[in-house]
Amino acid sequence: MSRFFKGIFTLRRGAWEMLASILIALGVFLMMQPFWLLAYTWSFLVTLVGTVMFIIVSHFPE
Amino acid sequence: MAENAMDRIARATPPGVARKIRGLSDRAIAWIFVGPSIFLLLAINIFPLIWTIRLSFTNFRVNRINAPVKWIGLRNYERILTDPDIWQTMQATAHFLFWTIFFQVLIGFTLAWLINKKFRGNDLWTTLIVLPMMLSPAVVGNFWTFLYQPQIGLFNYVVAFFTGADPSSFSMIGSIDLAPWAIVIVDTWMWTPFVMLICLAGLRSIPDSIYEAAEIDRASKWRQFWTITIPLVLPFLMMAVLFRGIENFKMFDLVVQLTGGGPGSVTTLTSIDLKREAFEKWRTGYASAYAVILFVTIFGLASIYVKALNKVKER
């Protein structure tokens, strides 16, 4: 866990890609879950942020 | 000595042109080869994508081409993301995606594992299993509507034979509860052979020497399966899941032929809904926003997936 946070603070690709992946997965889950309409409303924003972040951070150093 | 075609062309080419062609750098020649592909990619993929994003912020309707186009900002996105009907469509798509991939991977891998064993008639069985995949989805959708008929359909009679229920007591495509499963069954029937073929390629790529070494180490069959077969087939399996996931996210023809999105809207998948918005209601701007939402979702998922696939391959 501390390695993950260290990667985040030192702008390492692995940690940031992990964060972006979590956001994308969360966004897709919120979009398709059948429980809460408000979560569906915000799902696209979460997915978009995750996807854009993924494209940017895949250019970070390993 | 007989003169070949290249010599004839070289002799017929005017000296000026020949010099010009010969004078091209490697970089220029590379551009000549790659240029048409890049042009086509820009014209067919990139330009429509940018145009769709632009339209998604307007109230443009393609059937009212002369009406003034108004910039409405994020209103299309706001409407889509607060619409309970579209939310329901997303859930129907999620149900379809999850269960088709689950069954196709499970049955496809099992079939591949069985076909990989050496037995008589192996090739014949492979051909027979692969047949559904070769049919047109529209044809499959059409003939399954007959198989699902409560009065004359074979499917109902088979179910009745095993359960003892009256064949006409249930309708697969007419019932709100059964229709989502009806499309899952047909897609699984049609596309399991595809997953099977990919898994079979993975299984056949494992060298026998690894199993022989495991046998010498007295590893049980169960242990061999989990520590050799599954890890080495995993990249192939993931590839199959990626292909089927993307294909099923945009599933259209099969479901339209089979249920038309009904009863009600329980089998209305996002692609069907999108097509209705774009080409039946002619709300082009709204449909563009819808398409952008789906595009970002698929793109995001594909990015994670390709990363995971590369990691598995590196292992």
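W71(B) sits in the loop that links α3 (26-55) to α4 (75-80) in chain B; helices here are DSSP runs of H or I with at least four residues, strands are runs of E with at least two, and both are numbered from the N terminus. The model is a predicted one, so local features need pLDDT of at least 70 and side-chain atom pairs count only at pLDDT 80 or more, while totals for chains, interfaces and linings use all residues. Residues are numbered from 1 along each chain as its sequence is written, with chains lettered from A and ligands numbered from 1 in the order in which they are written.

W71(B) counts as exposed because it has 11 C-beta neighbours inside 10 Å. The cut-offs are 20 or more other C-beta atoms within 10 Å for buried, 12 or fewer for exposed, and anything in between for partly exposed, with C-beta atoms placed from the backbone. Leaving out residues up to four places away in sequence, W71(B) touches F57(B) and T58(B), where a contact means C-beta atoms, placed from the backbone, within 7 Å. T58(B) is 13 residues from W71(B) along the chain, yet their C-alpha atoms are 4.5 Å apart.

Next up is α3(B) itself. Its end C-alpha atoms lie 41 Å apart, which agrees with the 44 Å that its 30 residues should span at 1.5 Å a residue; the expected span is 1.5 Å times one less than the number of residues. There is a bend of about 40° at V34(B), with a proline, P36(B), following within four residues. That bend is the angle between axes fitted to the seven residues ending at a residue and the seven starting there. α3(B) is hardly covered, with 1 buried residue among its 30.

Chain A has 3 helices and 0 strands, and its C-alpha atoms fill a box of roughly 40 × 25 × 10 Å along the principal axes. Of its 62 residues, 26% count as buried.

As for the two chains together, 18 residues of chain A are in contact with 16 of chain B. On the chain A side, α3(A) gives the most, with 9 residues. That side divides into 11 nonpolar, 6 polar and 1 charged, taking Ala, Val, Leu, Ile, Met, Phe, Trp, Tyr, Cys and Pro as nonpolar, Asp, Glu, Lys and Arg as charged, and the others, Gly among them, as polar.
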